[in-house]
Amino acid sequence: MVHLLGQKKLQPRNKRSLIAEKSLQVRKSRELRMTILYHTSVLLLSLLMMYPLLWMVSSAFKTHAELFARMHQLIPLELYWGNFIEGWQGWGRHTFRTFFQNSFIISGSITAGQVILAPFVAYGFARVKFYGKKTLFAIVLGTLIVPMQLLMIPQFLLFNHFEWINTFLPLIIPGMLPAAFFIFLNTQIIRTLPLELDDAARIDGCGHFGIYSRIILPNIIPGLVTTAIFSFYWSWAEFMGPLLYIRSTRLFPVALALAAFSDPAGGTPWGQLLAMSTLSLIPIFIIFILLQKHLVEGITTTGMKG
Amino acid sequence: MDRRSEKWNLKKLSLRDRVFHKNYDNLVGLCFILPWLIGFVLFLIIPLGMSIFYSFTRFNIVSPPVWIGVENFIAISRDARFLNSVIVTMVFAFIAVPARLVFALVLALLFYKPRRGVSWYRAAFYLPSILGGSVAVAITWRQLFGGQGALNSFLNTILGLEITKSWVGSPDTALASLVLLHLWQFGSPMLIFLAGLKQIPRSLYESASIDGATSAQNFFKITLPMLTPIIFFNLILQTISGLMMFTQAFLITDGGPIDRTRVIMLFVYTHAFEFFNMGYASAMTWVVITFVFVITMVIFKTSKYWVFYESKGDL
């Protein structure tokens, strides 16, 4: 009796688990289908996204004839380096060596200025109590959304007055002074550090400058890296400033050189142009590959554009 | 008696000490923010002030400015090309900005759940935005959509269409090619959306699933409302950057054909550096500043009708 009952009880349970198993299988296969659908669609879309960049790189390796014969193909018949060698010659008496040097001078000094000055100012806003701090910080945040393009004419008038036209000064000097974005970024980071650190240093006899240099600076290295990456990357891509202020070819940064090189009237071969374009992106690409995490963090902690 | 005076002295000293400290802190604070203050005054306030003066003058850089009162502003109000550039900019911003934001949001939703390969995909979608502002990409765009470009070559091979028209050079498609370039760079709003999505509390979805909510309901009743502050933030930033678009229009179409892509900043540039009307360009700058300010304010003012703030809301 007991035995029979047990069996009877077992049967429906088995059935139920069978159904459950079947529905699990159905769900699993549906999930699998969804996963496949997800990956194929996202993969196709990301190929579409990458196509212009891949096209630029591959076209740089095509001969002039191949470029037109196989315009949209991504894989060149053979790796042709001629575009790089000829394109590097630039024009006039200046090779791309000059232009890259200029770019490194400009971006290097801007980056150095930002890394040194932005955390310094940020410390003032994060840790020192002074009159009018809140208002001034609100102004910093307000200037975050002031677009540089609006200052095109006003700043040009000023630098024209200073007789800074056709020098690096109008690019470097305003670029080195701490930008609102980096002040904000570093202030946010300094605010996360515990105040007890400061107090301990104060008891040991440190003033504000001592606390800043001995306690805060060593603790915000990631913020400094993010500051360096963004300021280098932005100043490297900067086009409008050089366009307005630089006149002599020998002072051209890469961005301006490419734009002048690509003048349709100049009849520059596409292959060379694309080869030099590819080269110009290499520094940014290296930063992207090595330091992607910092880039993403920088954008998300401040919520600002990249 | 002796003791009391001592106490009094001490009190006075500490008060003086306190005053000294307060002043000292003010001085130190000023010292720390000085680099920013110099930049702010010298490269923002003074240039803006100067441009107000120049906007009332006729000035061609070479000869000294001549005061002409509000003549520049009257001329602007009658300038058909200026009006055209405002319209072009508005059309560009009203199409490109929402499109970019929708794209950014859709992809953020796709990459939100941790899956295999997601970080690679995210990188692939973000890379164009990193490189996108560069001259190199503008040059590439011009070639891709040119008369003998890759797009026409592709259409020819795949669909057998013989198209020789230049997409960047034809009046009816030039602006669209710039919109497409803008759309292509949705990386940074996407990352901001991703960060925002991660901050929505899980518990909301859990209680919704107990109530038997569908995924569509989840999206429209939880995700979207919780994300409105982020959408608002992105909308402000992207609208401003869309209205200020310059480099791409300058490099790819140079405002042409027939001013179809002469966005507002490009028009200001043309007057300043091709016609050398610095006074007129200064006046236009101030009209544009007002224009951008009004649009930003409109977005701010309307935000209270659609942006959901948790602290205010009654869940």
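This is a predicted model: local features need pLDDT of at least 70, side-chain atom pairs count only at pLDDT 80 or more; totals for chains, interfaces and linings use all residues.
Student: How many residues does the contact take from domain 1 and from domain 2 of chain A?

Tutor: Two residues are in contact if their C-beta atoms, placed from the backbone, lie within 7 Å; the contact takes 7 residues from domain 1 of chain A and 7 residues from domain 2 of chain A. On the side of domain 1, the elements giving two or more residues are α1 (2–60) and α2 (64–69) of chain A, where helices (H or I, at least four residues) and strands (E, at least two) are DSSP runs, numbered from the N terminus. The largest share of that side, 4 residues, comes from α1(A).

Student: How do I read the packing of helix α8 against helix α11 in chain A?

Tutor: Two packed helices are described by the angle between their axes and the distance between the axes. Axes are lines fitted to C-alpha atoms, for helices over the stretch in contact, and angles run from 0 to 180 degrees between N-to-C directions. Helix α8 (residues 180–191) and helix α11 (residues 221–237) of chain A pack at an angle of about 165°, with their axes 10 Å apart. That makes α8(A) roughly antiparallel to α11(A) (angles under 35 degrees count as roughly parallel, over 145 as roughly antiparallel, 65 to 115 as roughly perpendicular and the rest as oblique). The contact is made by Phe182(A), Leu185(A), Asn186(A) and Ile189(A) of α8(A) and by Gly223(A), Thr226(A), Thr227(A) and Ser231(A) of α11(A).

Student: Which classes do the residues of this contact of α8(A) with α11(A) belong to?

Tutor: Ala, Val, Leu, Ile, Met, Phe, Trp, Tyr, Cys and Pro count as nonpolar, Asp, Glu, Lys and Arg as charged, and the others, Gly among them, as polar; the contact of α8(A) with α11(A) has 3 nonpolar, 5 polar and no charged residues.

Student: At what angle do helices α12 and α13 of chain B pack?

Tutor: Helix α12 (residues 264–273) and helix α13 (residues 278–306) of chain B pack at an angle of about 160°, with their axes 8 Å apart, and α12(B) and α13(B) are therefore roughly antiparallel to each other. The residues of their contact include Ile264(B) and Val268(B) of α12(B) and Met284(B) and Val288(B) of α13(B), and the contact divides into 8 nonpolar, 2 polar and no charged residues.

Student: What radius of gyration does chain B have?

Tutor: The radius of gyration is taken over C-alpha atoms, and the globule rule is 2.2 Å times the number of residues to the power 0.38. A compact globule of 315 residues would have a radius near 20 Å, but chain B has 28 Å. The domain assignment of chain B gives domain 1 (2–54) and domain 2 (71–306), and the C-alpha centres of these domains lie 43 Å apart.

Student: How many residues does the contact between the chains take from each of them?

Tutor: The contact takes 68 residues from chain B and 64 residues from chain A. Helix α1 (residues 2–54) of chain B gives the largest share of the chain B side, 19 residues, and by class that side has 49 nonpolar, 18 polar and 1 charged residues.

Definitions and conventions:
Residues are numbered from 1 along each chain as its sequence is written. Chains are lettered from A and ligands numbered from 1 in the order in which they are written. Domain bounds come from an automatic or database domain assignment.
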